[in-house]
Amino acid sequence: MTRAWNFSAGPATLPVEVLQQAREELLDWRGIGASIMEVSHRGKAFSGVIAAAEADLRDLLAIPENYRVLFLQGGQTLQFAQVPMNLLAGRSADYLITGTWSQKAYKEAAKVGKARLVASTEDNGHFTRLPEPGELRFDRDAAYFHLCTNETIHGVEAHEDYEARLFDALSAAAPGVPLVSDMSSHILSRPLAVRRYGLISAGAQKNIGPSGLTLVIVRDDLLGRAAAGTPTILDYRNQADNDSMLNTPSTFAIYVAGLVFKWLKARGGLAAVAAVNREKARRLYAAIDGSGGFYRSEVDVACRSIMNVPFRLPVPELEARFVQASEAAGFIGLKGHKSVGGIRASLYNAVPLEAVEALLRFMDEFRAANA
Ligand code: PMP
């Protein structure tokens, strides 16, 4: 049995050590005579699992006390609706569109209530940049300001310096308006100043664990604002009051996420993990930029994603051949999203540097044979 070099955008590769531990504990979790997914979510075993997962996540992200951590379901797509249901409170929210996911978030919010488009960076179907925060016109009365800090399909990321500038610009122009971000594809890839956000959410299936789990980190003053008529289970307040166990949560996914959090801590935490992530991305972008134009990144250097690296080849036929040859060579998940085509390598935490080295060798060989 060999594991392929897996660059899938999500569901994505998980750390081998995590899979091995899950396998070891699958039939008998620590002497209880059953796996953790076969016992009550209200029993002692699972209560310990979810409490440890939350504690470890709080450690990793240094989540302040006045934030609640919710382990929900429905994917990030449900958050596109649940956020406005809970936070609009009859007002309008500001949306920044920098790619497919923030665009979907905006459209969904506009179904739920009032959403205002602050800016879109779309250029003929392409998204390659982020607007300068100082140039955005914020609504002082907005219920929140929404963005997606890592656009998985287009590979556009708001890095730490951008987040800081956006937070400062928003605080100056619209004091008290909370920032809300979809961080599905880069949460836990580096340290994060949680205090800049009112709400952070993420589908689990990239850097957290199995799909079926959705993480929400919400400042506690934002709870209890859900519109009348919001279904019980979609009101963050109810989930917070019930420790994410208003109903049966995704117990197995939470258990695996907990193993991932322990794995991240064992690797030295997010600063250490970020250093490896930066190195993986640096090498891949250097190979793209140094390919004499054979491989091409369309994204502004300042906002190139560390986690998702989309790139092009000279013609679509070559891209198709690249995907085919990569699969024959034992790689998984390099095909770009169907809406944009091209190639995409996702470099989540569980992708080792050796996988990137193998990819670079393959890219060199492919170029030599096809340029
Ligand atoms: N937002 C981002 C940034 C994503 O990458 C994805 C999934 N690729 C989604 C939202 C949709 O997430 P889900 O499938 O969990 O609903």
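## Ligand site

The ligand is surrounded by 13 residues, of which the closest are T77, T152, D182, Q205 and K206; a residue counts as near when one of its heavy atoms lies within 4 Å. This is a predicted model, in which local features need pLDDT of at least 70 and side-chain atom pairs count only at pLDDT 80 or more, while totals for chains, interfaces and linings use all residues. Residues are numbered from 1 along each chain as its sequence is written, and side-chain values use heavy atoms, with hydrogens and water left out.

By class, the shell holds 8 polar, 3 nonpolar and 2 charged residues. Asp, Glu, Lys and Arg count as charged; Ala, Val, Leu, Ile, Met, Phe, Trp, Tyr, Cys and Pro as nonpolar; and the others, Gly among them, as polar. Helix α3, residues 75-87, gives the most to this shell, with 4 residues. Helices are DSSP runs (H or I, at least four residues), as are strands (E, at least two), numbered from the N terminus.

## Ligand oxygens and cover

An oxygen atom of the ligand is 2.4 Å from a side-chain N or O atom of T152. For T77 the corresponding distance is 2.5 Å, and for Q205 it is 3.0 Å. The protein buries 83% of the 390 Å² that the ligand exposes when taken alone (Shrake-Rupley method, 1.4 Å probe).

## Residue S346

S346 is found in strand β13, residues 343-346. Its relative accessible area is 0%, so S346 is buried (under 20%, with a 1.4 Å probe and protein chains only).

The side chains of S346 and N308 are joined by a polar contact of 2.9 Å. Such a contact is a pair of N or O atoms within 3.5 Å; within protein, one must be able to donate a hydrogen and the other to accept it, and residues adjacent in sequence count only if both atoms are side-chain atoms. Leaving aside neighbours within four places in sequence, S346 is in contact (heavy atoms within 4.5 Å) with F7, S8, A9, M307, N308 and V351.

Methods. Buried means under 20% relative accessible area, exposed over 50%, partly exposed in between (1.4 Å probe, protein chains only).
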